[in-house]
Amino acid sequence: AVLSAPKISLMKDYAASEVKAAATVTPHALRVNALSLNAFGGRLSASGTLGLKGATPSLDLAGEVSGMDLKQLAPGRLKGTLRSRFTLKGTAAKPQVNFTADVDRLDAAQFGAKNLQLSAQGASTLNVQLKGLTLAGTPFGGGGTVVLPIGKKSSSMDLKFDLNSLK
């Protein structure tokens with residue numbers, strides 16, 4: 001099946017244009033051959049397979065975001081441009097996540113940073129790393145773990161950051 005739409009809107013502030021998707025459905029899988037759309041001044045593309053066989057869906061998905069304007073995403077709260085890549089593999093019960101994001105400049109209320117790099121990898125526990133520069137050029141960063149609320153687990157975070165330079 002092929003889907004194409006010039007514009008899709010969710011509420012008045014959230015719209016996507018040039019939406020295109022090509023997918024194949026079988027009794028055992030949903031295969032997204034290509035999904036792409038423009039949103040928030042940038043582009044999202046993704047592909048992969050959602051396995052429908054068995055009690056827990058299997059995942060093999062990958063995607064990329066380029067040039068997304070954070071000001072359009074969160075008007076009045078953020079400024080900057082986002083670029084990211086992700087993969088999601090495994091099963092819905094035990095997903096394997098690999099996510100990276102870069103923000104050229106982030107202006108959020110009284111905090112500003114540039115050259116931000118965020119990464120998260122893992123399954124039910126994600127290893128998270130963040131690094132960047134203050135607007136004055138001083139490096140900062142840190143990371144730790146984030147436990148996802150999968151199954152009967154409660155979510156938790158154990159993160160440490162060097163913020164001494166942000167006085």
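Residues are numbered from 1 along each chain as its sequence is written. As the model is predicted, local features need pLDDT of at least 70, side-chain atom pairs count only at pLDDT 80 or more, totals for chains, interfaces and linings use all residues, and side-chain values use heavy atoms, with hydrogens and water left out.

Reader: What percentage of the residues of the protein chain count as buried?
Author: The C-alpha atoms fill a box of roughly 55 × 40 × 25 Å along the principal axes. Buried means under 20% relative accessible area, exposed over 50%, and partly exposed in between (1.4 Å probe, protein chains only). Of the 167 residues, the buried share is 28%.

Reader: Which element gives the most to the lining of the largest pocket?
Author: On a 1 Å grid over the protein atoms alone, a pocket is an open set of points where a 1.4 Å probe fits, with protein on both sides within 12 Å along at least five of seven lines; lining residues have an atom within 4 Å of a point. The largest one holds about 180 Å³ of space, and the elements giving two or more residues to its lining are β3 (29–39), β4 (42–51), β5 (58–69) and β7 (81–91). With five residues, the top contributor is β4.

Reader: Which residue forms a salt bridge with Asp60?
Author: A salt bridge here is a side-chain nitrogen of Lys or Arg within 4 Å of a carboxyl oxygen of Asp or Glu, and the whole structure has five. Asp60 is in strand β5 and its partner is in strand β7, 29 residues apart. Asp60 is partly exposed at 40% relative accessible area. The closest N and O atoms are 2.9 Å apart, and the partner is Lys89.

Reader: Which residue meets Arg83 in a salt bridge?
Author: Arg83 sits in strand β7 and its partner in strand β8 (residues 95–108), 19 residues apart. Arg83 is partly exposed at 48% relative accessibility. The N to O distance is 3.0 Å, and the partner is Asp102.

Reader: Is Met157 buried or exposed?
Author: Met157 lies in strand β12 (residues 156–162). Together with Leu159 and Phe161, Met157 makes a nonpolar surface patch of about 290 Å². Such patches take residues with over 30% relative accessible area and no salt bridge, joining nonpolar side chains (Val, Leu, Ile, Met, Phe, Trp, Tyr) within 5 Å and like charges within 9 Å; areas come from the Shrake-Rupley method with a 1.4 Å probe, only the protein chains shown counting as cover for residues. With a relative accessible area of 65%, Met157 is exposed.

Definitions and conventions: Helix = DSSP H or I, 4+ residues; strand = E, 2+ residues; numbered from the N terminus. Points joined across faces, edges and corners; volume = space filled by probe spheres on them.
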